[in-house]
Amino acid sequence: MPETKPVLMQGNEACAEGAISAGVRFYAGYPITPSTEVAERMAARLPDLGGVFIQMEDEIASMAAVIGASIGGMRTLTATSGPGFSLKQENIGYAIMAEIPCVIVDVQRMGPSTGVPTAPSQGDVMQARWGTHGDHPVIAFSPASVYETYYLTIAAVNLSQKLRQPVILLLDEVIGHMREKVTIPKDSKLMVEKASDKVPADWKPYDEKGLTPLVPFGFGHYYHVTGLFHDQYGFPTGDPPQVERSLDRIHEKLEKYRDEVVLTNYIGHKEPRVVIVTYGCTVRSARAVVKKAYWNNRQPVGLLSLQTLWPFPDKEVKEVAKKADVIIVPEMNRGQIVGEVERHVKGEAEVIPLNRYDGEMISPDQISDLLGRWLS
Amino acid sequence: MAVIEHLTQDFLRTKKLPHIWCPGCGNGIVTAALVRAIERADYDQRDVVIVSGIGCSSRAAGYLNFNTLHTTHGRALAFATGLKMARPELKLFVIMGDGDCSAIGGNHFIHAARRNIDLNAVVVNNHIYGMTGGQHSPLTPTGKKATTAPGGTLEREFNLLELAKGAGATFGARGNAAQPRQLEQLIARGANHKGFSVVEALSPCPIAYGRRNKLGGPVDMLKDMKEKSISIERSAGKEESELEGKTITGVIFSYDAPEYAAEYHRFIGKEVPAKSGG
């Protein structure tokens with residue numbers, strides 16, 4: 001490990017620092033609460049690093065500019081919140097279809113619509129999955145601390161490059177604005193997974209055989225990039241077998257690298273009767289409950305925290321369902337990830353939602369109260 | 001009659017032809033003028049990027065043998081802004097239709113102009129949404145018919161170049177498909193200009209616009225286009241009444257102002273290479 005120094009910073013700042021550590025040198029964005037600190041940090045940092053910061057005229061343009069810069073060969077990131085995330089959706093779909101790497105940060109606030117701009121929420125989980133039209137693969141991470149935000153941002157950038165797939169970081173307002181200690185490696189070059197700069201002689205931009213690096217524009221490879229279904233060279237096609245194969249291929253790359261994409265963490269009892277499955281800032285309350293249960297005669301309680309929300313960690317959830325009688329799913333919405341949990345648990349355990357959507361966090365007591373009913 | 005020399009095949013993806021455009025469409029003429037302008041400018045092929053939006057004319061990108069980027073509807077300039085900032089040495093041509101550029105993409109158009117970023121916009125203005133079958137656009141003249149304005153549109157149209165100028169663009173020119181040699185020269189001059197340049201290329205759409213408005217066939221439309229146009233040089237000193245119903249062609253405005261991508265790279269202390277690293 002390189003030399004390190006602990007610093008106190010916000011989740012939003014840690015996100016910007018993680019991006020910089022991972023080699024992001026292009027940021028395009030539009031001001032929106034509660035994500036603005038990401039942009040402000042990038043505006044302060046990027047010029048000194050020889051990078052580009054640009055405040056665009058709107059959210060749509062920010063997403064477009066990020067894709068354009070990625071095609072130019074830069075590592076890119078943009079940050080927003082619910083209303084802006086809605087506006088970005090069409091171009092997120094474009095990046096998925098055209099396989100252009102980029103990272104989109106959504107610091108979730110209370111919606112729908114303008115909602116409560118300064119209140120936390122986890123209401124964009126399904127929007128991250130299905131926000132853009134059509135049948136598309138999605139990667140979305142949800143960090144539970146400032147530290148995790150830093151490292152998941154790095155993972156998001158590197159994974160996005162490797163798979164040529166946009167990665168969404170779903171922060172929530174609590175994580176975005178909370179200040180915690182983070183240790184940032186001094187030599188951040190180690191965090192950049194360098195792509196091969198050797199272009200194979202038979203390089204095709206959309207090789208059917210599998211992952212192929214993106215060769216930026218301006219290097220004499222005259223290919224076409226489009227949001228239309230396309231052949232291996234990027235040219236539009238409406239040929240049914242080719243359309244089907246293309247759609248399968250963009251999904252299969254996520255399936256093939258599932259183990260690198262799906263990140264979860266289990267803590268607690270080895271033979272749990274009750275398991276809490278949650279993500280983002282709600283993990284913090286759940287962790288307090290699991291700790292308390294341990295000190296309270298080692299009650300059989302566990303916590304499966306999901307750093308990856310999409311693709312959904314189905315295997316990991318099935319695994320805990322084999323042991324547990326009850327799975328509690330606390331989330332700050334009216335029930336979004338709980339449907340996925342139920343779909344994969346298939347009755348192996350009882351799945352109990354715990355929802356809060358008044359703009360306040362779910363407290364450890366709320367979880368404990370529910371837990372008590374199954375432990376007594 | 002002047003003979004137009006054979007178009008270079010190097011810059012065309014001949015395997016992708018024939019194109020999808022209707023018989024009598026002006027898109028092919030405008031695209032050929034663009035290719036000739038690029039040839040005339042003597043750019044290295046690898047430095048040229050064609051960016052386009054969505055619509056009939058935006059399909060031109062697929063037929064041109066460069067790095068080509070066919071984006072989402074209205075957003076071509078926003079994609080191009082990101083690419084230009086990342087790679088300021090590249091020469092970007094942005095092909096848009098009238099609806100793509102001035103309706104759904106209107107915000108990006110005025111802000112690209114405001115930044116005076118070195119992008120070369122070629123706006124193919126056929127006064128109609130062609131690909132979707134003939135709906136009115138912000139550049140459909142008042143009174144003209146469209147599927148969504150069967151009695152003629154009541155809306156007033158933009159003057160695209162006045163809009164660009166007001167927003168801060170530093171080069172604006174107008175040409176048409178009936179005078180391809182002039183159009184080629186205008187695109188070449190726009191490309192040579194440091195800053196945001198707009199070339200409005202008037203182009204006939206006999207199928208979705210001409211037919212509904214009883215403007216005759218493609219030849220009639222081209223003839224009419226030619227007869228109605230007057231160069232800016234010849235229009236000088238003429239009374240307003242003499243110019244009634246005329247379309248002024250040529251370089252409408254051109255002046256110098258700081259260009260954004262170069263200004264930004266100067267600010268961060270980076271030199272912009274003359275050519276790409278490839």
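Domain bounds come from an automatic or database domain assignment, and in this predicted model such an assignment divides chain A into domain 1, covering residues 4-191, and domain 2, covering residues 264-375. Taken over C-alpha atoms, the centres of domain 1 of chain A and domain 2 of chain A are separated by 26 Å.

The two domains of chain A touch each other, with 24 residues of domain 1 in contact with 19 residues of domain 2. On the domain 1 side of chain A, at least two residues each are supplied by β6 (116-120), α5 (125-130), β7 (139-141), α6 (146-163), β8 (167-172) and α7 (173-177). Of the elements on this side, α5(A) gives the most, contributing four residues. Sorted by class, the side of domain 1 of chain A that touches domain 2 of chain A has 17 nonpolar, four polar and three charged residues.

A helix pair can be followed next. Helix α10 (residues 282-295) of chain A packs with helix α13 (residues 364-375) of chain A at an angle of about 50°, and their axes are 8 Å apart. The crossing in which α10(A) passes α13(A) is right-handed.

Where these helices meet, α10(A) brings A:Ser285, A:Ala286, A:Ala288, A:Val289 and A:Lys292, while α13(A) brings A:Pro364, A:Ile367, A:Ser368 and A:Leu371. By class, the contact of α10(A) with α13(A) has six nonpolar, two polar and one charged residues.

Terms used. Residues numbered from 1 in each chain as written. Chains lettered and ligands numbered in written order. Predicted model: local features only at pLDDT ≥ 70, side-chain atom pairs only at ≥ 80, totals over all residues. Axes fitted to C-alpha atoms, helices over the stretch in contact; angles between N-to-C directions. Left-handed = near helix turned anticlockwise from the far one by under 90°. Contact = placed C-beta atoms within 7 Å. Nonpolar A, V, L, I, M, F, W, Y, C, P; charged D, E, K, R; others polar.
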